[in-house]
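Visitor: I am new to this one. Could you show me the structure and take my questions?

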Amino acid sequence: MLKPHHLTEYTVYLTEAITAKLNPVQDGRPSGTGRLHYATRAAEHRFLLHFARSRGAPRVPHFPAYPRSGPAWMVDAFGLEARQRVVEDFVRSQPKLVAIPGSIRTYSANLAVLRTLADHCSARVSVDIFGLHHIPPYNADLDTDTPPGAVESLRAAIEQSDGLIICSPEYNYGIPGVLKNALDWASRPAYNSSLKGKPALIMTASTGQFGGARAQSPIRECLSATLCRVVIRPQIAIPRIDKKIAGGRLTDPFTLSQIDEAIEDLIKEVKLGKGAAP
Ligand SMILES: Cc1cc2nc3c(=O)[nH]c(=O)nc-3n(C[C@H](O)[C@H](O)[C@H](O)COP(=O)(O)O)c2cc1C
């Protein structure tokens, strides 16, 4: 007989799996929502084993093995809605981040870093990458109540996010023009734009030995002018980035661990802004 605490247990199992505590999903498995799906399935599988044993089942019923689909009686027991609700609540509770690459090159290494980050951290945050290809050069004449569509989208993406990640190369010791231009658009109306109070993490990556470190301060300075809350932490400047990308993904474990820590710091900053204990 199903009891209310069984549903609570089920919820805990799913949530733990999604946050990868119970069943860390390794690289090589599908990314993004696919990853979430597999993690959820694995949790259901474990839960069913636990559930059956805890009810003293004389023998554990047959469960199709992970990652094949779960048994129908699971759905009968709890209803699809319960499962859906757990997953949706979790996704909704994740900080929503917008990631902006400072390069519009098709095979941009900075874009690759952000794509990797989005997948790698998908259990903790949801990341949308916003490319700057369609942002026109800043022109105050166009900065009216009806700005260019791409600018409107950029401002809305920032507005609707809980935080911002920038990953940019250094161009001639400074901010690449496309990034500075986008930040100029996003910064209006001055001191009251979508960037105001937004937690932001800065990362740089370059083929050079300093990892674009000389662009860090100018980006930080620029964001300060918009009243962004730039996360104060050790800088992430990834040198020799061309040697750390394969198949459009960042493959360097050390850099990935640095990024992990930085994302934790950004999440703390997001929580601080929402008044929760970090
Ligand atoms: C116009 C230009 C200026 C550059 N200036 C620098 C620089 O000052 N320092 C540096 O480390 N790399 C510099 N680079 C190299 C870039 O950091 C490198 O090409 C980087 O991978 C570009 O990022 P992406 O792969 O995301 O496009 C420059 C590249 C370009 C095209």
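Visitor: Which residue with a positive phi follows α7?
Guide: This is a predicted model, where local features need pLDDT of at least 70, side-chain atom pairs count only at pLDDT 80 or more, and totals for chains, interfaces and linings use all residues. Residues are numbered from 1 along each chain as its sequence is written. Most residues other than glycine have a negative phi. After α7 comes a residue with phi near 70 degrees, and that residue is Leu-227.

Visitor: Is Leu-227 buried, partly exposed or exposed?
Guide: Leu-227 sits in the loop between α7 and β5. A residue is buried if 20 or more other C-beta atoms, placed from the backbone, lie within 10 Å of its own, exposed if 12 or fewer, and partly exposed in between. Leu-227 has 15 such neighbours, so it counts as partly exposed.

Visitor: How many helices and strands does the chain have?
Guide: Helices (H or I, at least four residues) and strands (E, at least two) are DSSP runs, numbered from the N terminus. The chain comes to eight helices and eight strands.

Visitor: Why are the buried residues of α7 on the same side?
Guide: The buried residues of α7, residues 213-225, are Ala-215, Gln-216, Ile-219, Cys-222 and Leu-223. They lie on the same side because they cover an arc of only 140 degrees around the axis. That arc is taken from the directions from the helix axis to the C-beta atoms. An α-helix has 3.6 residues a turn, so residues three or four places apart point the same way. The answer is the arc: 140 degrees.

Visitor: Which exposed residues does the face of α7 turned away from its buried side carry?
Guide: The buried residues of α7 pack against β3, α6, β4, β5 and β6. Turned away from that buried side are the exposed Glu-221 and Ser-224.

Visitor: Are α5 and α6 roughly parallel or roughly perpendicular?
Guide: The axes come within 9 Å and cross at roughly 75 degrees. Axes are lines fitted to C-alpha atoms, for helices over the stretch in contact, and angles run from 0 to 180 degrees between N-to-C directions. Under 35 degrees counts as roughly parallel, over 145 as roughly antiparallel, 65 to 115 as roughly perpendicular and the rest as oblique. α5 and α6 are therefore roughly perpendicular.

Visitor: Which residues in α6 meet those of α5?
Guide: On the α5 side are Val-151, Leu-154, Arg-155 and Ile-158. In α6, they meet Ala-182, Trp-185 and Ala-186.

Visitor: Which residue does a cis peptide bond join to Arg-188?
Guide: Most peptide bonds are trans. Here omega is about -5 degrees.

Visitor: Is Tyr-191 buried or exposed?
Guide: Tyr-191 is in the loop between α6 and β4. Its phi is positive, near 60 degrees. With 11 C-beta neighbours inside 10 Å, Tyr-191 counts as exposed.

Terms used. Contact = placed C-beta atoms within 7 Å.
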